[in-house]
Amino acid sequence: MAQRAQDNAGYSKSLTSLRTIFRNFSLVVNELIEDSANRRVCMWLSARADTAAGEYVNEYVWLLDFDEAGEKIVRTKEFSDALMARDFFPKLKEAMATQRARAAAGQVAGTGL
């Protein structure tokens, strides 16, 4: 699931838009491995959030490569539980559509029409 590279502003915008979908999102670092010689960090993370489709729970492995100064990330790779995503995201899409339909019906009902 390759995605186009984003600058900081684009990535920030993407994350901000997800706040309304993934409420109470949290990440826990289960393990962190630093390879100073190769300027690389590897993290195993557990994620949890509340969504319209229920609880979201997933695990990730992030590989982060840093520049020569070790100050900026120059490359990332993310691995997640693809089976969980395959099963969860269609349910989330359906739940969000139902929410939008109910909200639209409530707005019409509230007008007396």
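Student: How many bridges join strand 1 to strand 2 (residues 40-51)?

Tutor: Strands of a sheet pair through backbone hydrogen bonds, parallel or antiparallel. Here 10 bridges join strand 1 to strand 2, and the two run antiparallel. Strands are DSSP runs (E, at least two residues), numbered from the N terminus. Two strands pair if DSSP finds at least two bridges between them. This is a predicted model: local features need pLDDT of at least 70, side-chain atom pairs pLDDT 80 or more, while totals for chains, interfaces and linings use all residues. Residues are numbered from 1 along each chain as its sequence is written, and side-chain values use heavy atoms, without hydrogens and water.

Student: Is Asn58 buried or exposed?

Tutor: Buried means under 20% relative accessible area, exposed over 50%, partly exposed in between (1.4 Å probe, protein chains only). Asn58, in strand 3 (residues 54-66), is buried at 4%.

Student: Which residues is Asn58 in contact with, leaving aside neighbours within four places in sequence?

Tutor: Contact means heavy atoms within 4.5 Å. Asn58 is in contact with Leu45, Ser46, Ala47, Ser80, Asp81 and Met84.

How values were computed. Helix = DSSP H or I, 4+ residues; strand = E, 2+ residues; numbered from the N terminus.
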